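Biologist: I have a structure open and would like to talk it through. Could you start with a term I will need?

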Amino acid sequence: MCSRTSSRSRTGRPRSVEADAAILEATRAALVELGWSKLTMGDVAGRAGVAKTTLYRRWASKNELVVDAVAVLFDELELPDLGSLQADIEHVVLQFAALLQRPETKTALMAVVAESTRDEPLRERIRTSIVDRQKRLVLEGRQRAQERGELPSDRDPTSVDSTDDLIFDVIAGAVVHRALVSAEPVDAAWVQRFTALLIGGLGAAAATP
């Protein structure tokens, strides 16, 4: 998997996919062990076996590095075609919940979200590197359901983006709240009830001009 890092153009030697992966893995391990406040670029460099200058050529700050370390984990999420919208959603929600239970995901995500409350550039990086990239799952799922005839075709193309945003917010918000805030299990029974509620809402949203 190729990691995505700062969009800023940098010069120098070509990027190493292996080095990037090692750095991001070291970042997640350091976060679990040390927490956000004690994490330093130097510690990450030592764990990854690279020079600290190597990190700064790729990431301008700890904030950028940690967001990218989280983002590649969410890139693992997939939406397989299981034959129905219900089954597709249940699968990706369970996959998402399992990802949130991994110590490296839980620690990193909670840390960057908390820090972003007082750091607008960090909040924007979370939006572009994690949220916007994962909206692909909503787009894929909705298009697939329309092709199956489970959802009507979009009558108003201009409203598609806002609907996708709403669907993503509902799914991500519900699962993150239950798993990380309420600390309740996101098990098969809960996911089945949640998906049924969501699909009912999707039908209502499609019928709204």
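Modeller: Buried means under 20% relative accessible area, exposed means over 50%, and partly exposed is in between, with a 1.4 Å probe and protein chains only. With that definition, Trp190 is buried, and Phe194 is buried as well.

Biologist: Where does this model come from?

Modeller: The model is predicted, so local features need pLDDT of at least 70 and side-chain atom pairs count only at pLDDT 80 or more, while totals for chains, interfaces and linings use all residues. Residues are numbered from 1 along each chain as its sequence is written, and side-chain values use heavy atoms, with hydrogens and water left out.

Biologist: How many helices and strands does the protein chain have?

Modeller: The protein chain has nine helices and zero strands. Helices (H or I, at least four residues) and strands (E, at least two) are DSSP runs, numbered from the N terminus.

Biologist: And how much of the chain is buried?

Modeller: Of the 209 residues in the protein chain, 43% are buried.

Biologist: Back to Trp190 and Phe194. What kind of aromatic pair do they form?

Modeller: The structure holds two aromatic pairs. The one formed by Trp190 and Phe194 is stacked, at 5.1 Å centre to centre with 5° between the planes. Rings of Phe, Tyr and Trp (its six-membered ring) pair if their centres lie within 6.5 Å; planes under 30 degrees apart count as stacked, over 60 as edge-to-face and the rest as tilted.

Biologist: Where do the two sit along the helix?

Modeller: Trp190 and Phe194 are four residues apart in helix α9, so about one helical turn separates them.

Biologist: What does Trp190 have to do with Val175?

Modeller: They are in contact (heavy atoms within 4.5 Å). Leaving aside neighbours within four places in sequence, Val175 also contacts Val93, Phe96, Ala97 and Leu100.

Biologist: Which residues touch the most other members of the largest nonpolar core?

Modeller: Val175 is one of them, together with Val44, Leu65, Phe74, Val93 and Leu100, in a core of 55 residues. The largest share of this core, nine residues, comes from α4. A nonpolar core is a set of buried Ala, Val, Leu, Ile, Met, Phe, Trp, Tyr and Cys residues joined through side-chain atoms within 4.5 Å.

Biologist: Why is α4 described as largely enclosed?

Modeller: Because 13 of the 13 residues of α4 are buried, the helix is largely enclosed by the rest of the structure. Helix α4 covers residues 62–74 and reaches 19 Å from its first C-alpha to its last, close to the 18 Å expected at 1.5 Å a residue. The expected span is 1.5 Å times one less than the number of residues.

Biologist: Changing topic: is Leu39 buried or exposed?

Modeller: Leu39 counts as buried, because its relative accessibility is 3%. Leu39 is in the loop between α1 and α2. Not counting residues up to four places away in sequence, Leu39 touches several residues, including Val44, Lys62 and Val66.

Biologist: And Ala183, buried or exposed?

Modeller: Ala183 counts as exposed because its relative accessibility is 60%. Ala183 lies in the loop between α8 and α9, and its phi is near 55°, a positive value in a residue other than glycine. Most residues other than glycine have a negative phi.

Biologist: Last one. Where is Asp88 found?

Modeller: Asp88 is in helix α5. Asp88 is buried, with a relative accessible area of 1%. Leaving aside neighbours within four places in sequence, its contacts include Arg144 and Arg148.
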